[in-house]
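Please look over the chain shown below.

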Amino acid sequence: MVLVLGSALLVLAANPPAGTSEPAPANLEPLSEQTQPTAQPAPAGPKAFDPEAETEAYLARLTPEQRRRSDAYFEGGYWLQLWDFLLNVGIAGLLLATGLSAALRDRIERWTGRFWLQALLYSLVYILVSALLTFPMTLYEGFFREHQYGMSNMTFAAWMKDASIGLGVGLVLGGTALTVLYGVLRRTPRTWWLWGSAVGLVFSTLLTLIYPVFIAPLFNQFTPLHDAALRDDILSLARANGIPATDVYQVDASRQTKRVSANVSGFLGTLRISLNDNLLNRCSRAEIREVMGHEMGHYALHHVYEGILFFAVVIVAGFAFLRWSFDRVLRGFGRSWRIRGVADPAGMPLLSALLAVYFFVLTPVINTQTRVDEAEADLFALNAAREPEGAAEIALKLGEYRKLAPGPLEEAIFFDHPSGRSRIRMAMRWKAEQMREAPRSAPNPAP
């Protein structure tokens, strides 16, 4: 699930989304329904069912080669986070050290004397230049690497189309947000970091709320779910958990990837339940119910709004860090870079680089907050859908692109979802407790 998109507005503007809202999974040959072994429960009875043994039985269904490829894909993502960070900081340093940033500002000032237009034009050029300089890495990560692992269904032309749409969204939203931000910075020279935090929070919240309903359809087609029986089952599950949805949509995600996903999103009358066609084509009814229960859990537990509050703290702390660090860097390099102050658009690359440093260091904290919400949604799904085997099967499918059994420290730092092992173990423990309760809740036999 995508919890807060656009939390760092400058970083988002410099790196607009390129097509799909989530990365595609790594390659694993799917286990066929006919040939895959199943994890058989132990003989009936609460003492005979061992959750740990059942967890290992599920994990053992994947071959060493499948595990190796999944681990390689996910662990490669650790390095990509580092290279992307260094690339973005390097681009900012290049624009500042060569004087290109100040030269662009000077040229725009000769074109127009309106400050808001100067900020807008600089923002648009900065987004375009950043997109151009990062394009080789974006192309490798989003196209070649996904085809290397065999999980992308896109032709190069289709991928470029989605990337172009993503760039257009970044120009519109990023340009607007940065123009408003620099207007605030200019008018509040003493308390700019507080007012800047407010701008960042408003735009990140707005983007979080509107993305599933208004932006995601730019990349995929949403149509009413064709399977009437499944639709009624999902809506019944929604009503039972206090979710006022009236229809279910399916998304043509298979044109891009083989990954399974779904979401419950929307606000102010735009609530919708959506599941992608990979989920429909690859998963059993029990698995679909469990996934939908998970997504309903995010909605019922108010995780979107909880995430907004969490990121409000993150954004305020981030702007406080900018207030502290920007002045110090400016005292050392401001004259050679010809940056006049924090409200100077020529300092945009510096703000972007400092925010990149802040969010890079904060990655484990943000991942932990998201991972906790995901675990809560998993538990909600088990109690709502009551499909522990479905939960375990979905965890294996997600294991196609997420490392199934990381070490504790690795999971804490790099995982924004519980690992496959953690999820299967939760499902098996839930099943064990249900088996324990079953004899107690059985009615007394008649005399």
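Is R338 buried, partly exposed or exposed? At 40% relative accessibility, R338 counts as partly exposed. Here buried means under 20% relative accessible area, exposed means over 50%, and partly exposed lies in between, with a 1.4 Å probe and protein chains only.

This is a predicted model, in which local features need pLDDT of at least 70, side-chain atom pairs count only at pLDDT 80 or more, and totals for chains, interfaces and linings use all residues. Residues are numbered from 1 along each chain as its sequence is written, and side-chain values use heavy atoms, with hydrogens and water left out.

**Salt bridges**

Side chains of opposite charge can pair when their charged atoms come close. A salt bridge is counted when a side-chain nitrogen of Lys or Arg is within 4 Å of a carboxyl oxygen of Asp or Glu. By this rule there are 25 salt bridges. Three of them are set out here.

| Pair | Closest N and O atoms |
|---|---|
| K403 and E75 | 2.5 Å |
| R338 and D106 | 2.8 Å |
| R423 and E374 | 3.8 Å |

Helices and strands are named from DSSP runs: helices are H or I with at least four residues, strands are E with at least two, and both are numbered from the N terminus.

Start with the salt bridge between K403 and E75. This pair links distant parts of the chain, 328 residues apart. K403 sits in the loop between α14 (388-398) and α15 (408-414). E75 belongs to helix α3 (residues 64-97). K403 is buried, with a relative accessible area of 10%. E75 is partly exposed, at 30%.

Next comes the salt bridge between R338 and D106. R338 lies in the loop between α11 (303-337) and α12 (348-361), and D106 lies in helix α4 (residues 100-111), so the pair ties together parts that are 232 residues apart in sequence. D106 counts as buried, at 17% relative accessibility. Both residues also belong to a network of salt bridges, which links R105, D106, E109, R338, R340 and D344.

The last pair in the table is R423 and E374.

**A cavity**

Rolling a probe the size of a water molecule over the atoms shows where empty space is left. The search uses a 1 Å grid over the protein atoms alone; a cavity is a set of points where a 1.4 Å probe fits but cannot get out, and lining residues have an atom within 4 Å of a point. Grid points are joined across faces, edges and corners, and a volume is the space filled by probe spheres set on the points. The count comes to 3 cavities of 30 Å³ or more.

The second largest cavity has a volume of about 50 Å³. Which residues line the second largest cavity? They are A395, L398, G399, R402, K403, P418, S419, G420 and R423. Helices α14 and α16 each supply at least two residues of this lining. By class, the lining has 3 nonpolar, 3 polar and 3 charged residues. Ala, Val, Leu, Ile, Met, Phe, Trp, Tyr, Cys and Pro count as nonpolar, Asp, Glu, Lys and Arg as charged, and the others, Gly among them, as polar.

**The sheet**

Strands of a sheet pair through backbone hydrogen bonds, either parallel or antiparallel. Two strands pair here if DSSP finds at least two bridges between them. An open sheet of 4 strands has the order β1-β2-β4-β3, with mixed pairing. β1 (222-224) and β3 (262-265) stand at the edges with a single partner strand each, so one side of each is left without a neighbour in the sheet.

Strand β2 (residues 248-251) runs parallel to strand β4 (residues 272-276), and 4 bridges join them. Q250 has L275 of β4 as its bridge partner. β3 and β4 run antiparallel, also joined by 4 bridges. N263 stands opposite S274 in β4.

How many residues of β4 are buried? The count is 5 of its 5 residues. R272, S274 and N276 cover one side, and I273 and L275 the other.

**Positive phi**

Most residues other than glycine have a negative phi. H302 has a positive phi near 60 degrees. H302 is found in the loop between α10 (285-300) and α11. R338 also has a positive phi, of about 60 degrees, although it is not a glycine.

Notes. 1 Å grid on protein atoms, 1.4 Å probe; cavity = no way out; pocket = protein on both sides within 12 Å on 5 of 7 lines; lining within 4 Å.
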